[in-house]
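Please keep the sequence and the structure in view while reading.

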Amino acid sequence: MSGKPKLYYFNGRGKMESIRWLLAAAGVEFEEEFLETREQYEKLLQGGSLLFQQVPMVEIDGMRMVQTRAILSYIAAKYNLYGKDLKERALIDMYVGGTDDLMGFILMFPFLSAEDKEKQRAFIVQKATSRYFPAYEKVLKDHGQDFLVGNSFSWADVHLLEAILMVEEKKSDVLSGFPQLQAFKARISSIPTVKKFLEPGSQRKPVPDDKYVETVRRVLRMYYDVKAN
């Protein structure tokens, strides 16, 4: 294994994108191997690299890590983005859990039919504006600091910014009623490592397109139709 973390996934967002975000926010350079064929995937399976027969998989510090949450927790702890004590870590876990729930509604969006996409788009915006964004708006207002936890940049901030940008792709003015989140978005986006990741040419992936969907279906042999929430 090389010194840089190596990410094994498709050339698209999916569950790996949050890992890319966190590594980039931490200022960590990483390599990627994109899965394009079923043979590549089966080679990882046969080689024992995928403990639960799933990707994402990340080679880091001599380990082959699977399970997205475990990978993210390790990266956050390793690069001091996981709070200063147990209480702060618990808050970070709680806030990340909320953004995970919201992003989960978006994860399978590219695999829906055109009709279901319109239903899901409305569902995502409704959930974001009635459940999740009001919660984070209140946290930021009550906390009175620049960041969600303590007064330092953490995994929770990275994850929330990622979620905000994903929902804005579904409705560009979705933050119009959330002044705290508007200011939060501007602050976190201006952090040098985050700003660099948001610039063209970075390893951030674009909105999934038909080619990405076809590749995932072929490699994972997804022969079923995904349904909207």
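From which domains does the lining of the largest pocket draw at least three residues each? That lining takes at least three residues from each of domain 1 (6-79 + 198-220) and domain 2 (86-190). The model is predicted, so local features require pLDDT of at least 70 and side-chain atom pairs count only at pLDDT 80 or more, while totals for chains, interfaces and linings use all residues. Residues are numbered from 1 along each chain as its sequence is written, and side-chain values use heavy atoms, with hydrogens and water left out.

**Domains and their interface**

- The protein chain is assigned domain 1 (6-79 + 198-220) and domain 2 (86-190), with bounds that come from an automatic or database domain assignment.
- Taken over C-alpha atoms, the centres of domain 1 and domain 2 are 22 Å apart.
- In domain 1, 21 residues are in contact with 19 residues of domain 2, where contact means heavy atoms within 4.5 Å.
- About 1,600 Å² is buried between domain 1 and domain 2, and carbon and sulfur atoms give 68% of that area; buried area is the accessible area (1.4 Å probe) that two parts lose on being put together, summed over both.

**UniProt record**

- UniProt places "domain: GST N-terminal" (unreviewed entry) at residues 3-83, and such annotations, given in the numbering used here with shortened feature names, may be inferred rather than shown by experiment.
- Residues 3-83 are 36% helix and 20% strand, with end C-alpha atoms 25 Å apart; helices (H or I, at least four residues) and strands (E, at least two) are DSSP runs, numbered from the N terminus.
- The feature "domain: GST C-terminal" (unreviewed entry) is placed by UniProt at residues 85-209.
- Residues 85-209 are 67% helix and 0% strand, and the end C-alpha atoms of this span lie 41 Å apart.

**Largest pocket**

- The largest pocket holds about 930 Å³ of space. Its lining comprises 40 residues, of which Y9, G14, K15, L107 and M108 are the closest to the pocket centre.
- On a 1 Å grid over the protein atoms alone, a pocket is an open set of points with protein on both sides within 12 Å along at least five of seven lines, a cavity is a set where a 1.4 Å probe fits but cannot get out, and lining residues have an atom within 4 Å of a point.
- Grid points are joined across faces, edges and corners, and a volume is the space filled by probe spheres set on the points.
- Helix 4 gives the most to the lining of the largest pocket, with five residues; among the other elements that supply at least two are helix 1, helix 3 (68-78) and helix 9 (210-220).
- The lining of the largest pocket has 22 nonpolar, eight polar and 10 charged residues, where Ala, Val, Leu, Ile, Met, Phe, Trp, Tyr, Cys and Pro count as nonpolar, Asp, Glu, Lys and Arg as charged, and the others, Gly among them, as polar.

**Largest cavity**

- The count is one cavity of 30 Å³ or more, and the largest cavity holds about 30 Å³ of space.
- The residues lining the largest cavity are R13, E17, W21, E162, L165, M166 and R204.
- Helix 1 (17-25) and helix 6 (155-168) each give two or more residues to this lining, and helix 6 gives the most, with three.
- By class, three nonpolar, no polar and four charged residues line the largest cavity.

**Backbone**

- Most residues other than glycine have a negative phi, and most peptide bonds are trans.
- V55 and P56 are joined by a cis peptide bond with omega of about 15 degrees, and P56 lies in the loop between helix 2 (38-46) and strand 3 (57-60).
- Q53, although not a glycine, has a positive phi of about 65 degrees, and Q53 is placed in the loop between helix 2 and strand 3.
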